[in-house]
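Dear colleague,

I am handing over the structure below, and I would be glad if you could look through it before reading my notes, which follow directly after it.

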Amino acid sequence: MFFGTTNLDLCFNVERLPTPGESLMGSLKQNAGGKGANQAVAAARLGLRPSFYTRLGDDDAGRSLLQALREAGVPP
């Protein structure tokens, strides 16, 4: 049984590190994460059926996170 956070991590990929004061264009990648979510996913990958309690919003981010948890084997 896990209680914890679920986060949508926003990562920007760039071809190189910027120099001081420079801005670069990059591509956005979204990843599911959060301490509680990561622990529940790890348990599911070990073949367990974890119970995970968290709060998700009723928006695109919340739906995306719920789908990621389901795909990882964490039951709703």
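This is a predicted model: local features need pLDDT of at least 70, side-chain atom pairs count only at pLDDT 80 or more; totals for chains, interfaces and linings use all residues.

Asp60 and Arg63 form a salt bridge in which the closest N and O atoms are 3.0 Å apart, a salt bridge being a side-chain nitrogen of Lys or Arg within 4 Å of a carboxyl oxygen of Asp or Glu. Because Asp60 and Arg63 stand three residues apart in helix α2 (residues 60–71), about one helical turn separates them. Asp60 counts as exposed, at 61% relative accessibility, while Arg63, at 45%, counts as partly exposed; here buried means under 20% relative accessible area, exposed over 50% and partly exposed in between, with a 1.4 Å probe and protein chains only.

Arg63 also meets the side chain of Asp58 in a salt bridge, with 3.2 Å from N to O, and Asp58 is exposed at 73% relative accessibility.

Residues are numbered from 1 along each chain as its sequence is written, and side-chain values use heavy atoms, with hydrogens and water left out.

The structure holds three salt bridges, and one of them joins the side chains of Arg16 and Glu22 at 2.7 Å from N to O. Both partners are partly exposed, Arg16 with a relative accessible area of 44% and Glu22 with 28% relative accessibility.

As to the overall fold, the protein has two helices and four strands, which follow one another from the N terminus in the order β-β-β-α-β-α; helices (H or I, at least four residues) and strands (E, at least two) are DSSP runs, numbered from the N terminus. The radius of gyration, taken over C-alpha atoms, is 16 Å, whereas a compact globule of 76 residues would have one near 11 Å, by the rule of 2.2 Å times the number of residues to the power 0.38. The C-alpha trace spans about 45 × 30 × 20 Å along its principal axes, and buried residues account for 20% of the 76 residues. Of the contacts between residues at least 6 apart in sequence, 57% join residues at least 24 apart, where contact means heavy atoms within 4.5 Å.

Is Ala43 buried or exposed? With a relative accessible area of 6%, Ala43 is buried. Leaving aside neighbours within four places in sequence, Ala43 is in contact with Phe2, Leu48 and Pro50. Phe2 is 41 residues away from Ala43 along the chain, and the C-alpha atoms of the two are separated by 9.7 Å.

Finally, a word on charge: the protein has 8 positive and 7 negative charges, whose mean positions are 10 Å apart. Lys and Arg count as positive and Asp and Glu as negative, while His and the chain ends are not counted, and the place of a charge is taken as NZ of Lys, CZ of Arg, CG of Asp or CD of Glu.
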